[in-house]
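The sequence and structure come first.

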Amino acid sequence: MGSAFSTTISDPTQFATVWDDTETEDSASLRTYDYIVVGGGTAGCVLASRLSEDRNTTVLLIEAGASDGNIFSKIPLGFTNLYKTAVDWAYTTVRPWQVERYIGPVESFWVARGLFFRKIMGLLLKPLDSVLNALIYHRSSPDDFDQWEKAGAKGWSYQDLEPDLNANKPVQGIGEFTAFVDDHGTRNTTARAYLTPEVLARPNLTVAVHVTVEKILFTRREPLTAYGVQLAKSSSSPKFRVAVSKEVILCGGVVGSSQLLLLSGVGPKEELESVGIECIKNLGSIGKHLIDHPTSGPLIFRAKPGYSLDYLNSPLSGIYAIGNWFMTGSGPLSSKPMSYGAFLRSDDARFFDTSLGNVKDLTTSPGSPDLELTWTPAVVPSLTTKGRPGEHGVTFVMLYLSTESDVDAILRGVRFIMRVAQTEPLRSLLDPRPEPFRKDDYFWPGNSDPEKITDDELRAWIRRNGYPACHPVKLIFLWSLNLVSLYLIKAGTCRMGTSPETSVVDPQLRVHGISGLRVMDASVFPTHVSGHPVGPIVAMAEKLADMIKASQL
Ligand SMILES: Cc1cc2nc3c(=O)[nH]c(=O)nc-3n(C[C@H](O)[C@H](O)[C@H](O)COP(=O)(O)OP(=O)(O)OC[C@H]3O[C@@H](n4cnc5c(N)ncnc54)[C@H](O)[C@@H]3O)c2cc1C
């Protein structure tokens, strides 16, 4: 797979013009491309590939991260070994006041930016979804997209996107996930799927890696127009510039695109000026909001030996499994992290105690789910930790799929999981060994008697252990300005809409009031979808490519 990226370049002298520090709007002396795509993540790889299909169109794709990762970026079960490494932006949140508002006080927490905030091409994989994500392909409820269109996002209904979403999946129910794993047992990404060796060989496509775009360049006369970007290998290395004849398309993800707009002087005037950035376009919604799906945190049940993947934690078994995957592309490491999932409604009395707590219906229709239940056959106390040696287990997690977190909805889900664990065939595989547990042990509450645990104890456990599902579609404010928080609000960093007062891009994904500048990544979602975002992001990027190509005819 590595050879697929052999034609990427990382030396800016090969594709850009060195900048001599003179402020000028003269782009004639700069190397020029028809399109500059910023960010080779899930969306960016799709756009670069599709736009360069026309051999008369020149495209420059710029990615801050690597063109491909190490072996763990290819092994489906290997991705957790990449967290907090060079391919992870590894941001932590500060001031999580929104979390407190909905979940309760929490510590700042690390957020894998891979697909969330990937730093390797194809993030979705962190590229098709990113190398850091859990590989789940999912379409979400059709009503989520129809709601977008009703709110003004014309052209983005489910019917509009369906030709690009492929597989037909039921909205509610239980089933096996479709995953981004190819026939050779290797993780797939949009980089691998869209930037094949044949695509990279196109003379009109330039793919630059290990290069960060630092700002967008604008002409100051009306209409305000993006005429290129400034880039560098690192903040201390020489600066380069490239010009664009048609459009700059930001695909930097929920953090990257908003951050770049803000650093370029596009955003809320007062906030920009308060940190010394000259505001050249006052757009109040940029970087204002972040939505993610909150989770219950890991609900772990001790299992009998032989039924889980925990044996892979022993060095000998781990090395054997890697060797097996390397030689044959099969074995346990080629399996999906989460093979199955259930999409349910918390007001469905067949499964949930609907008298429990107070849950508002925030779904887009009676047919849309608000809870997702999934599990993995291993002890997973957190995204970055493994179980203690010799322990075996299964880890369940409940995701709340609406735009506002609701502890009681998750509570209904947790009670449901605890009931399921008392039924066959799961019950016989578990090894509850009732014993007095400290509530901070990761087998609590899974291993304890559910009858002896109160709802308030479970609510407190959810508040303590819940974490974001890494499906952010917007950001509260610039990470680098130290103002981020997770969870909530009904608007997004680069949200699509019709009004510049409440949104950032129009339904053609053009930044309001600026020519030659679009955004296409998860940050443009008008509201969150009730599922996993990579499928919709790819479909939207495909659709935008069609729109741009049609407009050139
Ligand atoms: C742990 C984890 C598990 C997940 N599991 C799933 C799952 O199973 N299924 C699913 O559908 N989704 C999953 N996601 C979410 C999904 O991966 C993301 O929503 C998706 O990848 C976002 O795509 P994007 O195009 O918006 O941005 P990204 O894929 O994040 O792409 C942005 C790219 O831009 C680059 N970039 C940013 N700024 C700059 C700059 N200034 N200059 C140059 N390059 C820049 C970044 O390095 C990155 O490569 C998961 C995410 C995580 C972190």
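Strands (E, at least two residues) and helices (H or I, at least four) are DSSP runs, numbered from the N terminus. Val 213 sits in strand β12, residues 212-219. This is a predicted model: local features need pLDDT of at least 70, side-chain atom pairs count only at pLDDT 80 or more, and totals for chains, interfaces and linings use all residues. Residues are numbered from 1 along each chain as its sequence is written.

**Val 213**
- UniProt, in an unreviewed entry, places the feature "binding site" at Val 213. UniProt positions follow the numbering used here, feature names are shortened, and annotations may be inferred rather than shown by experiment.
- Val 213 is buried, with 24 other C-beta atoms within 10 Å. Buried takes 20 or more such atoms, exposed 12 or fewer, and partly exposed lies in between, with C-beta atoms placed from the backbone.
- Leaving out residues up to four places away in sequence, Val 213 touches Val 38, Ile 62, Val 229, Leu 231 and Leu 260. Contact puts the C-beta atoms, placed from the backbone, within 7 Å.

**Ala 342**
- Ala 342 belongs to strand β18, residues 340-344.
- Ala 342 counts as buried, with 20 C-beta neighbours inside 10 Å.
- Ala 342 touches Ile 174 and Leu 373, not counting residues up to four places away in sequence.
- Lys 304 is 38 residues from Ala 342 along the chain, and their C-alpha atoms are separated by 24 Å.

**Helices α10 and α12**
- Helix α10 (residues 407-420) packs against helix α12 (residues 455-465) at about 110°, with axes 10 Å apart. Axes are lines fitted to C-alpha atoms over the stretch in contact, and angles run from 0 to 180 degrees between N-to-C directions.

Terms used
Two residues are in contact if their C-beta atoms, placed from the backbone, lie within 7 Å.
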